[in-house]
Structures are given as structure tokens and as C-alpha cells.
Amino acid sequence: MERKVLIVDDEAHIRLLIEQTLEELEDAGVQILAAADGEAGLELIKTERPQLVFLDVMLPKMNGFDVCDRVKHELGLPEVVVVMLTAKGQEFDKQRGEAVGADLYLTKPFDPDELLARAREALGV
Amino acid sequence: MNPAEVAPLHRLLERAPTTALLREFEALLPGCALAVIGADGRLVAGAGEWPRADLAARLARGETGWAADVRLFPLTFQSHVLGALAARGAGAEAGLQALRQTLTLLVAQAVEKREVAHETLDRYREINLLYRVAETIGACLDPDEIPHLELVEAGRAVESDASVVLLAEAGGALEAKAASGSADDVAALPDAAHSLIAQVRATGRPDILIAEGAPLPTLLCAPLRAGERVLGVILLGRRAARPVFTAGDEKLVMALASQAGIALEKAWLHRQEITRQRMEQELAVGRRIQLSLLPEACPVVPGWEFAATYEAANEVGGDFYDFFRLPESPQHVGFVIADVTGKGVPAALMMAFCRTVIRSEAARSFSPGQVLERANELILQDNRTQLLLSAFYGLLDTHTGRLAYANGGHDHPLWTRAATGECRTLESRGMVLGAFAFLPIDERAIIVEPGDRLVFYTDGVTEARAPDGGMFGEDRLQAVIATEAALNADETVRRVVASVKAFAQGTPPADDLTLLVIRRGPAA
């Protein structure tokens, strides 16, 4: 099975930074996908079936919590690992994160080494 | 920039937009098929089969063709050949050169973007390191733990084979407080870095040293600073197999070392404050015990005057005095003046013990010498604190005026005689108590005549300091007493204390001051 990671963030530089952080996974055959809003992200999850999604909380069109909720509870894909991204200083709503089934959350600016380690864990690389 | 630092071509040119660009040019150049191939042979964009083996070697040799029908246009960044645009079939040279230039421009932009991203990720690492360090090292109030935490964080931030935190001791010499890595590497580290450490301590700035051939040929050293003061250094070493430390590594380690320096200073101050508070509390408790041991009032005996005062110094002090009547013979008044070495609770407990011992021994023996000798033995048997005391014990027969006394290393009292007006010291031999077993203590006796006066004191009187450092001294004490021969006991106490204070001119007393005066009323 081909392994895929999806990055959903409306800020282009965050997408670029996460891509660059994860690019060594490409050498291990992991495909890196990206989307700039919640609806596009959800669409890619449906069609591409990534094993791991980095999902920003504040997104245009559909916020991260709703995307996660749809993935975990409506699409019936509970095995997709969802890592929510939240800005430092902006309190992450842990109760809501738990309710929608988020597996983990990281704060931005994220620690690149931690992000990579989490991705390796989730993908088994 | 060395070739390893420039990303491979497929990381610089995205497949989809590059493929779209090639299609546009293929439409402009009929009969021409295009592809972009990385130096590693990887097909970045383009359709169909392309020869890819040996591409890097061919480009390095400056070959511009591959077989008969493939032309190669190298794609470079600065002097690095990253791959090539390959064209098969027809196609005007000028058009292909224009495409090559466009691709080269895109590559240059991508390299630049990646460099910015790389820098940003380094900043992210730094920010996260500082957040984490603030939570671990910054919250640590144990100065012994901080060097270990610093090495843990340094290990997470920057890879190394050996690391050590060295802190300056009181004399300025550095001592290793924490180390990580194999024993051999750690042992080799400070010697190899001798000059580097000295330089970092002197400048307060981090630096990297590359010493080829050494067991740890690349070293990174950063100062632990609190303000301008360098408290110590953190030192990291890498073996030859690893790359040399970079400026980014140096920045991270410096950020970490700065936090550790501030945390250390804070932890030291915290420890000092705790110690100070504990000492203050102990001194206060000791002082309360000490005060509770002093007699509430002086004896009242017709024909005699007894007066005493005790003034506590702020810090040190182990003075005490005591008056008691012998239960078997109420005409006898026993009295003690003593000074315990040390301070705080141990000194106060020693006082309480001596007071009880002397009182109980006095009840058994009319011989002051025997009483002090016995007290000495009991103190030695039970002296866990190793404290000493000087003590004068006198037994006054208020009917006859006979004063028997013994002196265990205390200041000799002064005796002013009414008949002659002379002032002399009551000499007798005896060592301080609590030091030597079976030491004989002299016992002497005098007859105190009507009008005679006896002054007993501790070194808080004679060793009181003036602002210029001069001491009050025994001569000055004698002079005060001799010139005021007619004063009663209470007045004598007040006059001596006033003289000492006038002499000290506000200099805080270094020791407790105790004064005890006995006067036999003048003959009617």
C-alpha cells in the first residue's frame, strides 16, 4: 500500500515548511500531498486515502475540527491519524479535539524534529 | 555552498508545473520531445523513455549530446550541475536555450526559497528549544541538577559524541558538573579544548574549533552567562565521522547556555535565600531558648546588692548567667557567668545543659572547683556538638562575705576594694569546659569586705569595637569602675554599659554583652 501524508493549511509557508520537514520521507516512498482549505482537504482525504493528516484548526470553508469530525465519524476512517495544528498562544480546545477524534495536536511554530518523529511513528517508516 | 547542500533537482522543480511548462514548449517546437532529468538520473518531468545512466558524468565532461538524437542542456545553480533539459528530435536551438534559462531561473528561485525555509525551520527549532528549556531548566531551582538538564537538552538540539558542562569554582578553576558520552571521549574533551575554553571564558562568546587529527576533531564551546559574568561553559565534541558543527548549531547551543546561566544564577540565589532563612530561624529559636534560661530577677539579700544585664548581639552569641540559692544552705548564693562557643540552637542547648549540670552539682558540693570539674566531665560525656564554654562559678556566703570561686577559662573578674581603693583581677587557673578530661581547676577564696565590689563580664564588654577597629579592653573597664567607686551595683552596670556604647559609637556589637555586679553594702 502506498503511504501518503496530507498537509492542510491555508498558509503557503506553513505547507512549504512541513513539506520540507517531511521530504526525507519521500525517499522512503511516502507521497506528500497538500491542500489550502478544509473542503479541498476533505476531498483529498476521500480520494487519496492518506494514512496521516496534518490539519490546521483555523481553515477557510471548513474548519479543522469539522474536517476531522467528518473523517472520523462520517467517512468511517477512524484509522487515519489526524494531527491538529494550532498557533502557539492560542489555546487548543482539547475537549473539542477529543470529541471530533483528533489523535494529537502540535503548536505552530512546530518543532521540526518532533513533527518528523510523529510522522514516522504514524506511517511506520 | 557544497554540492551536498544543494537539493536534488526533483526537490527544486515540482513535477506538475514543470511538466506543464515542457508541454507548452513542445507545442511551440513541433517534432521535439522534452524532459528534465536530475543529475542522479531521476526523471523530474517529461514523458517517454530517456537514457539516464551516467548523466552526471556526461555533463561533467561537458557533453552536449546523448546518442544521436538527444541534446542535453545542463541546468546549474552557481557552479553546481543539477541535471539537464533533454530534447529529442527537431527544435530550434534558440527556443531550447530560452527554456533552459527559464528552468535555471526557477531552480535559482527554488534554492532561495528552500534556504529561507531552512532558516525558518532552524528558528522553529530554536523557539521550541527555548520553550522547552524554559519549562525544564528555567523551572529548576536545584543548581546541581541544571548542568544535567542542560546536557539532555543539548543532546536533543545538537548531535555530539561527548558533551560536558564545566562550572567555575570559588577559586576560578573549572570543574565538570555533568558529562555525557563514552568515558574516553569525555576524558579527552577538556584537554583538547583547553585554548577554546579559555577563549570562550575570556570573550563570553561561543566558538567552534576544528583540530584535525584529534580524537574529537570538531569542538563547540559556549559560555553559561549571568549578565556579564561567565559562570562556566558547555562543551560539545564530535568524532571525525560526523560533520563539523555549523553556525546554526552554535546558535542553538548558545541559546541553551544562556538560559542555563540565568537558571543557575537564580537557583544559587534561591539556595542562598533558603539557607539564610533557615539560619535566621535557627538563630531566633536559639535566642528564645537562651533568654528563657536567664534568671528573671537578681537575688535580694540584706547587706548585698546584685545586678546583671544581658544584651544580645544580632548574630553570634552564647552568653548566659545564673543566680541560685543552695537548697541546703540559703545563706549561700551561687552564681555563674559563661560564654558558649557557637550560636543558634546548638549553643542554646549547650547552655541549658550546663546550667542544669552546674546547678545540680552545686547542690552536692560546696567546692566550686569540684563543681566545674564535675561539670566538665559530664559535658565531655555528652558533648555531641563539640561546643566549648568558658565559665566562672562563685559561691558567696552572704553571712561571712567569703567568696569561693573557680574559673574554667573565663575572663578574670575585677575586685574593687573599699579599704584601699585598688582594683585587681581575681586570678585562678582553669581551662575551658568541654575540651579536656580530668583537668584540675583551681579553687580560690577571698573575703568580700563592706563597700567592696565585684564585676564579672563576658568578652562582649572588653572586645567591643570602636569605628576605627580599636577594642574597649580591660584597662578601660578597670578605669570606669575605679573612677566611680561610690556607685551601687545597678548604677555600676548602667555606667559600664554606657561607656561601652559611647566607645563603640554605633558600631554594631559582634558578640553578646553580659555584665554581673555584686557589691557588699558599706558598713553602717
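Visitor: Which residues lie nearest the centre of the second largest pocket?
Guide: In this predicted model, those residues are E26(A), H10(B), L13(B), E14(B) and R15(B). They belong to a lining of 29 residues.

Visitor: How much space lies in that second largest pocket?
Guide: About 1000 Å³.

Visitor: Okay, and which elements give two or more residues to its lining?
Guide: From chain A, you have α1 and β2 (31-35). From chain B, there are α1 (9-12), α2 (15-28), β2 (43-46) and α4.

Visitor: Which one gives the most?
Guide: That would be α1(A), with seven residues.

Visitor: How does the lining of the second largest pocket split by class?
Guide: There are 14 nonpolar, five polar and 10 charged residues.

Visitor: Let's move on to the largest pocket. What's its volume?
Guide: The largest pocket comes to about 1400 Å³. It has 38 lining residues, and the closest to the centre are H118(B), D122(B), R125(B), T246(B) and D249(B).

Visitor: Which elements should I look for around the largest pocket?
Guide: On chain A, look for α1 (12-26) and α5 (112-123). On chain B, look for α4 (93-136), α5 (146-157) and α8 (247-293). Each of these gives two or more residues to the lining, and α4(B) gives the most, with 10 residues.

Visitor: And how many of the lining residues are charged there?
Guide: In the largest pocket, 17 are charged, next to 15 nonpolar and six polar ones.

Visitor: New topic: the largest nonpolar core. Which residues touch the most other members?
Guide: Among its 49 residues, these are F335(B), L389(B), Y393(B), L403(B), L454(B) and I518(B). The helix that gives the most to this core is α9 of chain B (residues 344-362), with seven residues.

Visitor: Can we zoom in on L403(B)? What is it in contact with?
Guide: If we leave aside neighbours within four places in sequence, L403(B) has contacts that include F335(B), L426(B), I446(B), V448(B) and L454(B). R444(B) and G394(B) are also among its contacts.

Visitor: What does the second core include?
Guide: That separate core has 28 residues, including I137(B), V165(B), L220(B) and L224(B).

Visitor: I clicked on P147(B). Where does it lie, and is it buried or exposed?
Guide: P147(B) lies in helix α5 of chain B. P147(B) counts as buried because its relative accessible area is 1%, and the cut-off for buried is under 20%.

Visitor: Which residues is P147(B) in contact with?
Guide: Beyond neighbours within four places in sequence, P147(B) is in contact with V165(B), L167(B), K177(B) and A178(B). As for I137(B), 10 residues away along the chain, its C-alpha atom is separated from that of P147(B) by 8.8 Å.

Visitor: Now strands! How many residues of β12 in chain B are buried?
Guide: Seven of the eight residues in β12(B) (residues 319-326) are buried, so the strand is mostly covered.

Visitor: And how does β12(B) connect to β13(B)?
Guide: A hairpin joins them through two residues. The two strands run antiparallel, with eight bridges between them. L326(B) stands opposite S329(B) in β13(B).

Visitor: Last one: what are the two chains built from?
Guide: Chain A has five helices and five strands, in the order β-α-β-α-β-α-β-α-β-α along the sequence. Chain B has 13 helices and 20 strands.

Technical notes
Residues numbered from 1 in each chain as written. Chains lettered and ligands numbered in written order. Predicted model: local features only at pLDDT ≥ 70, side-chain atom pairs only at ≥ 80, totals over all residues. Heavy atoms only, no water. Core = buried A, V, L, I, M, F, W, Y, C linked by side-chain atoms within 4.5 Å. Buried < 20%, exposed > 50% of the residue type's maximum accessible area, 1.4 Å probe, protein only. Helix = DSSP H or I, 4+ residues; strand = E, 2+ residues; numbered from the N terminus. Contact = heavy atoms within 4.5 Å. 1 Å grid on protein atoms, 1.4 Å probe; cavity = no way out; pocket = protein on both sides within 12 Å on 5 of 7 lines; lining within 4 Å. Points joined across faces, edges and corners; volume = space filled by probe spheres on them. Nonpolar A, V, L, I, M, F, W, Y, C, P; charged D, E, K, R; others polar. Pairing = 2+ DSSP bridges.
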